[in-house]
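Hi,

Here's the structure I promised to pass on. Have a look first, and my notes follow below.

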Amino acid sequence: MNLIDLPANVPWLSLIWLSLVIPTLIIALMKPEQKEEIRIVGTVFSFISLALTLLVYLAYDYRSPEKFQFLEEIPWLPELGINYILGVDGISLPMLLLNGIVIFTGALISWNIEDRAREYWALLLLLAAGVYGVFVSLDLFLLFIFYELAVLPMYLLIGIWGSTRKEYGAMKLTLYLMGGSAFIILGMVAMYFSGMLRTFDMRLLAQSALFSRDVQIVFFVPLFLGFGVLAGMFPFHTWSPTGHVAAPTAVSMLHAGVLMKLGAYGCLRVAMWIFPEGANYWLLPIAIATLINAVYGATIAMMQRDFKFMIGYSSVSHMGLTLMGLAAANTIGLTGAVLQMFAHGVMTALFFAVVGRMVYDRTHTRQFPELGGLFSVMPFAAIVFIIAGLSSMGMPGLAGFWAEFNIFMGMWQRFPLIAVLAGVSIPITAGYILMAAYRVFFGEMKNPEFRHLPKITVQEYVAGVILVAVLIISGIYPAYLTEPIEASVQPIAEALARAGTLGVRYP
Amino acid sequence: MGWFLQNAWLIPLLPLIGFAVITLTPIQRNKNASAWLATLLMVAATVIALGTAIEVASGVKIAADGTVAAHTEEKAYAAEPAADKGAGHKFEWHDPNIVRTIRWAPAGGDVPFTMGYIIDPAVAAMLVMVTITATCIHLFSVGYMAHDPRQARFFSFISLFTAAMLAMVMASNLLLFFMAWEIMGLCSYLLIGFWYDKNYADPNQITPRQAAIKAFITTRIGDVLFMIGLAWLWTEAGTLELGTGPGQVFNPELLERLATTTTGIGISAATGIALLIFSGTIGKSAQFPLHVWLPDAMEGPTPVSALIHAATMVSAGVFLTARTFPIFQVSDALPIVATIGAFTALFAALIAVGQFDIKRILAYSTLSQLGFMVAALGIGGWVAALFHLLTHAFFKALLFLGSGSVIHGMEATVGHDSNTAQDIRNMGGLRRFMPVTFLTYMAGFLALAGFPGFAGFWSKDEILADAFRANTLVWVTLSLASLLTAFYMTRQIMVVFFGTFRGHHPRQQPYAFISHDNHHHEAHDPHESPWTMTVPLVILALFAVFAGVVNLPFDGFHHLADFFGQEAGKLNLLVMGISSAIAIGGIFLGWLVYRNAFTASAEEADPLEQMMPGIFTVLNRKFYVDELYAATFGIAAAALARIWTWFDEHVIDRIVIETGRFTQFLGQVNFIIDDAMLNDGADLMATGTQVAGDRTRRATTGKVQDYVALAFAGAVVLGVLYLYLVR
């Protein structure tokens, strides 16, 4: 069902990612002193990209048997089987929308960057353009190129505009992600040569008859791990809290909000889609790793004294739940996983906006013992933080509830014991979120200077309201996300289920 | 006919509108406007709820296609008690009067998640109870919260709470039930912590913001288990719709299958699911061992205690078990339910004897009474449990509001220090100052103590009669708890309303209290509360006195049981006699012990403490359960978190760093190799290149023809490579 019809002869998906490359070029041509103009250009174009994704979202027909729509195919290196193929389905659409929301709100949050604003904005928009590219690519090679495009600006953004051991954080993050990329390349090359088609078109690769069971089992591992590193999978997660903490606010938002989802998206779209039998073989180890992710991340988050580190570890915990939905490998679990990517993306963007921009940029501390009593100074920050926190602990009426509920439902059907154990993370999450709210916003004000903190700016208000509104709308009516998601994950779940029966028959 | 049933969705919607309007519009700047808006919306919801109940009582049924039938035919109920089925009553799920659902979200299979409402007699009774108590409490709050600067926020939260409670009652499936259930938990958190900036001089005393977190997380433990139960049930049934039809959770075939499927841990699936669902009840209805949050929840404003922590939310747990009773019936979980209920009833009643805070006494009493209801369900007394739930909601709300009125009056004398204003030892003789509060409180007291004729007597008696028939141990435990109930309530009444007023010389606090307001209160006597506070007391008092008549144990008077369409409890004069004796005996005992207590000064020790100091201290410290949890789970959780943090920093990160070092080391080795062996070669190569460059330089003739020729040669070479290598 689609609400609007878009003219078919316009390359909508190319427009989406180009809508962030164009302002990068414009900004690069502007003078460094024109900070205000640079900000306006960046914000306007990120809004245009959000509007475009919204149009595409509304025009996508999830009832149609044709899962991939808005296709664009241009031969690029046809001899090598590399083509410029774009298309979206119900899995990539929510991710596109998420990226649009986060880059627009991230742009709003970035208005206080004074140091080398021109380079900052150019890199930020380029990063988001790369993310858009990943989500619209149907060609694996193209996807990988966009993926690298998204990862590389991160190093500079953290290293130059970051805080708290920024060089260390940036280097650690980049090395980890490059390590992940190496795995991905290995998997890609193996996939390319072991299939007979010599193509990178994932729609063709996903016909599982192409690969023998052994190939699938062996080469699923590097692909899943490679993307799993980016998704913060245990034990490859330690880059993520350090990176989040070191990054400037908008980059943290994009990074935890969208970039980690690239990892989970890759796990689903590339590894699980193309190698269903391989996925099926490794489900239990993955499920165990994600269980550790979820509970372990939550417990460590509880112990943090640094506000941003706490959010960083909560991301690890929640991405664990996302991957757990993937490990459930049934329709409801996969739906929950994709929904969790969306819900967590919005929620964590809101977290970082509050912690990094609204609190840290004003108080210049993130240590719990030094904060306190901020509710009376910035009630808006407190309210949006609590709403984001409620979503993260799965409060009905907010997006996180549906995601977590679906994931638990899915995991229960696959490995009930793991679902039960993962339940431990829910009260722990409630615990650290409420304790953080208590320490930062409601406890006694430790520092009397906090009474005279600057007011929340218009851009911060708008960003906060947008993110909260998305959380609430998705919580009340999740079907606008889950209907297309379910329609698209169903074939994958069926392939996984078939692989399961095959695996039983020929052990 | 049927208008109210068709439009019953308005009942939760009206308070929800109140919440949205107060939160989002400038009306919140006007305290009185938001208070009265919320109250009037509740009145409207009450009217619709009453209309719905009347239509249900007159047997209106509306089918899915909208046809209305004034259904009056009497069903023949199975009157044959199975010998081993507890109290001998058979619970049957009857077709509801109306079900309305819409598709909400896909659920992975053919059956989507739906949203909708269902009205049957049990729902109608709950709706009436919730709307009436909520309306009374809203009205009371208009007076009670009048001086609070955050009044608008209070009414916004309490409206959201009421909407969630009503939605939960009407929920057509267990998922919606769970969602509303969680939102109630959230409102409970927000309202317990309503005075978040309140601090106590004693650093060990729990503050509202801490109590809020404690309540939220403790109930959350139960909620997670409940959610797991739902996941299990959903996996087995493929649906969470309430009802007996195909594709609904109480489908006889499904129940049969659940009862016969054995899981890996040796219990049937039905037992497992029932126990997990019951965990939700344990958390929400504050049963042992998750009871610790409810007494501390008294840090919230008193109307909140009355509405959420006495009348509605805590009884939602009981309602959950009652709602999913068909699953419990086919499971082996009921003995566990009965045990936990009976134990909590006695355990909490014992603790209540040793408390001095007027609200905490009532809180433990609530725990105890909820234990009665849970135990009643456990022995199969479904009607008795719901009957007690309804009457208890009215008289406990009354008692809490009465205590609020007392505190309000006390504050005129001792100031706004809750430790002093809520300590019953500082009260005494209040009946002369607050006659309306006193009389209504007496009604609530007699109802709770089970004095013959009052509402609580009839409902408690029905539970005891069922217990007597089903399980002697449960009956003895509950009877002991009733005796203690009568005793501690008499203690409270004697110390608060009789004797001499001691508030002018209150007990010395171990920690000095710093008053926020400088005007001296000592000169004032306590005063009666304004009409907005006394009118709700009077209304609720009427219910406390007369609500029992809806279900008298005499033939032809089982109105409530008939309304529910369930088998009624049987008259048992022996049990009734014993219960009456217990209630009167408990009251007498209380009078005997406390008639001369605290006559001289508020500093005196409690008479019971003088008699048996050791036991009294244990009761006063609530059997040290909080301390036990802190020493076990608290320390274990903190230790685990510390270990894992250490692991993350010192093992995983260490590995990362060492890998980095090792790579650096490899780099060094490579560099040496490179420098010593390859570099010299490269130098040679560089020299060679220079020579070659020199030659090339000579080739750069500047003639266009030469360049074209070179380009052509290059293209040929590339073409050859392409043909041979790529193809």
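How many residues of chain B are in contact with chain A, and with how many residues of chain A? Before the answer, some housekeeping: this is a predicted model, where local features need pLDDT of at least 70 and side-chain atom pairs count only at pLDDT 80 or more, while totals for chains, interfaces and linings use all residues. Residues are numbered from 1 along each chain as its sequence is written, and chains are lettered from A and ligands numbered from 1 in the order in which they are written.

So, the interface: 33 residues of chain B are in contact (C-beta atoms, placed from the backbone, within 7 Å) with 37 residues of chain A. On the chain B side, helix 7 (208-237) is among the elements that supply at least two residues each, and helix 7 gives the most, with 13 residues. (Helices are DSSP runs of H or I, at least four residues, numbered from the N terminus.)

Ala306(B) sits in helix 11 (residues 302-311). Ala306(B) is buried because 32 other C-beta atoms lie within 10 Å; the cut-off for buried is 20 or more, with C-beta atoms placed from the backbone. Beyond its neighbours within four places in sequence, Ala306(B) touches several residues, including Ile137(B) and Phe400(B).

Lys31(B) belongs to helix 3 (residues 31-57). Lys31(B) also counts as buried, because it has 21 C-beta neighbours inside 10 Å.

Cheers

How values were computed:
Buried ≥ 20, exposed ≤ 12 C-beta atoms within 10 Å, placed from the backbone. Contact = placed C-beta atoms within 7 Å.
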